[in-house]
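Please look over the sequence and the model shown here, and then read on for an account of some strand pairings, pockets, cavities and individual residues.

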Amino acid sequence: MPTTVIRNADWMIAWDEPASRHVYRRGTDLAFADGRIAFLGKGYVGPADRVIDGAGLMVMPGLIDIHSHPHHEPLYRGIREEHGVANMHMTGLYERGQAFSAPDEEARAAGAEFAYCELLLCGVTSLVDISAPFDGWVELFAKSGMRGFLAPGYASARWFLENDLGPSYDWNEPRGRAGFVKALAVIDAALAHPSGRLSGVVSPMQIDTCSEALLRDSRDAARERGLPFTTHCSQSVNEVREMIRRHRMTPIQWADSLGLLGPGTILGHALYLDTHSWVRWHTKSDLRLIGDSGTAVAHCPTPFARYGHVMEHFGAYLGAGAVMGMGTDCSPHNLVEEMRKASVLARIAARDVHAVEIADFFHAATAGGATALLRDDIGRLALGKKADLVLVDLACPQMQPARDPLRGFVYHAADRAVRDVFVDGVQIVADRRVLTLDQADAAIRLTAAQERMEAAAPQHDYLSRKAEEITPLSLPMVD
């Protein structure tokens, strides 16, 4: 395999193994071949089939997104941003989920392709995609060039609304079991794919929509295969109250009682703990259970911030020992913007400017995500690790002055400064253009799919409303 050398990079975010943290290095060479980093240091003198001048560049590890829904979230552009139901503690999850869903497999494929491009353009090289399986999903993911962790969703029950106070549950355990079997088949197909970049995550969809038996069997299947396990847990106040009603304990406590917590488990959101100001349950043990067990949390600040809610708070989760990762639960799929938002909201929640540092969020979006996925070969630039890396353009005006380029990248430039992206040593983004997918074409198909979805809304909404009645345009329409 040819060797690529990045010579004399102005800045590099390298991994310090003894300290288990990222560090800056200046004027550094990095060489990679056969998909792995072969050299990182000063004065590389080995073979070089391609040389990239590192002047004016920051080289950093590819970002790891451990929670996303590309198959439907792009369809919600212009729909989700300000949608919420006050009687459901501000969440719009249940109303939106019933009224609006991907109308067909073409819609899912368009959404996924569009989102994959967004993710690559902001420097994401590894993605957990929690989606409803569709024909061609494995091949599309492979075509993207990303390192893919396919997480086909399934559940014992589906939410439905009879009023605006919260969801009811349509239980169908055979349907959930069939979904479980199909999910494992999709994961097996991903693992067998010749690209070698695809894997899987066992993903019963929500703690409140899966039976005890399905949750236990799913966790067992993940452990038997050496795969991560994920489920949405403590993602709404309605869910917390429902689980307390059913089990006299919070969703986190229920997960612990079933043996679901521990290394390799990723809780989607885990935001409404027993101590959260929107919950205030008497037990005050949820965070300790997460931290003591080494469970991971996928933090996605944007959807909750839109409802007026925040994690309370990121620094406390770190202090308790939780493995923190970052995700993009909604559109736009921009993990850098999620880091920026999370860092600001964490300080607001803690009322302390020193509660967190940007290094904490970069760690979560790289090495923390890798730990959550049971991987130690991604999310880090070090000898022998996977050659998943991002070249950030320091000449981008929003990066200047480049006194502290990580801060410049997260707080100012974000995806505008991402120039090139490599996954497994293969260039996937070149000069801000995705080489493997066609985002413009996906956008055309996505627009048509959204029109189909909106047209069908009255058939699905519990009040038979039109789309514009559920989520009106931001400005009045006049002639």
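Strand β18 (residues 418–423) and strand β19 (residues 426–430) run antiparallel and are joined by 3 bridges; helices (H or I, at least four residues) and strands (E, at least two) are DSSP runs numbered from the N terminus, and two strands pair if DSSP finds at least two bridges between them. This is a predicted model, in which local features need pLDDT of at least 70 and side-chain atom pairs count only at pLDDT 80 or more, while totals for chains, interfaces and linings use all residues. Residues are numbered from 1 along each chain as its sequence is written, and side-chain values use heavy atoms, with hydrogens and water left out.

Within this pairing, Phe422 has Gln427 of β19 as its bridge partner, and the hairpin of β18 and β19 has 2 residues between the strands, with Asp424 taking a positive phi near 60°. Strand β19 is also joined to strand β20 (residues 433–434), by 2 bridges and in the antiparallel sense, and there Val429 stands opposite Val434 of β20. The hairpin of β19 and β20 has 2 residues between its strands, and Asp431 in the turn has a positive phi of about 50°.

Thr3 itself is placed in the segment before β1 (4–16). Is Thr3 buried or exposed? Thr3 counts as buried because its relative accessibility is 9%, where buried means under 20% relative accessible area, exposed over 50%, and partly exposed in between (1.4 Å probe, protein chains only).

Thr295 touches Leu261, Gly262, Thr265, Leu267, Ile290, Ala322 and Val323, not counting residues up to four places away in sequence. A polar atom of the Thr295 side chain lies 2.8 Å from the backbone nitrogen of Gly262; a polar contact is a pair of N or O atoms within 3.5 Å, of which, within protein, one must be able to donate a hydrogen and the other to accept it, and residues adjacent in sequence count only if both atoms are side-chain atoms.

On a 1 Å grid over the protein atoms alone, a cavity is a set of points where a 1.4 Å probe fits but cannot get out, a pocket is an open set with protein on both sides within 12 Å along at least five of seven lines, and lining residues have an atom within 4 Å of a point. Grid points are joined across faces, edges and corners, and a volume is the space filled by probe spheres set on the points. In the table, Ala, Val, Leu, Ile, Met, Phe, Trp, Tyr, Cys and Pro count as nonpolar, Asp, Glu, Lys and Arg as charged, and the others, Gly among them, as polar.

| Space | Volume | Lining by class |
|---|---|---|
| Largest pocket | about 1300 Å³ | 19 nonpolar, 18 polar, 8 charged residues |
| Second largest pocket | about 480 Å³ | 10 nonpolar, 4 polar, 6 charged residues |
| Largest cavity | about 70 Å³ | 9 nonpolar, 3 polar, no charged residues |
| Second largest cavity | about 40 Å³ | 2 nonpolar, 1 polar, 5 charged residues |

Of the 45 residues lining the largest pocket, His71, Gly97, Ala132, Met205 and Gln206 lie nearest its centre. The second largest pocket is lined by 20 residues, and Glu357, Ile358, Ala359, Asp360 and Leu406 lie nearest its centre; α12 gives the most to this lining, with 5 residues.

A search of the whole structure finds 2 cavities of 30 Å³ or more. For the largest cavity, α9 and α11 (335–350) each supply at least two residues of the lining, whose members include His299, Phe304, Met311 and Leu345. The second largest cavity is lined by Glu73, Tyr76, Arg77, Arg80, Glu81, Arg306, Cys330 and Ser331.

Key. Contact means heavy atoms within 4.5 Å.
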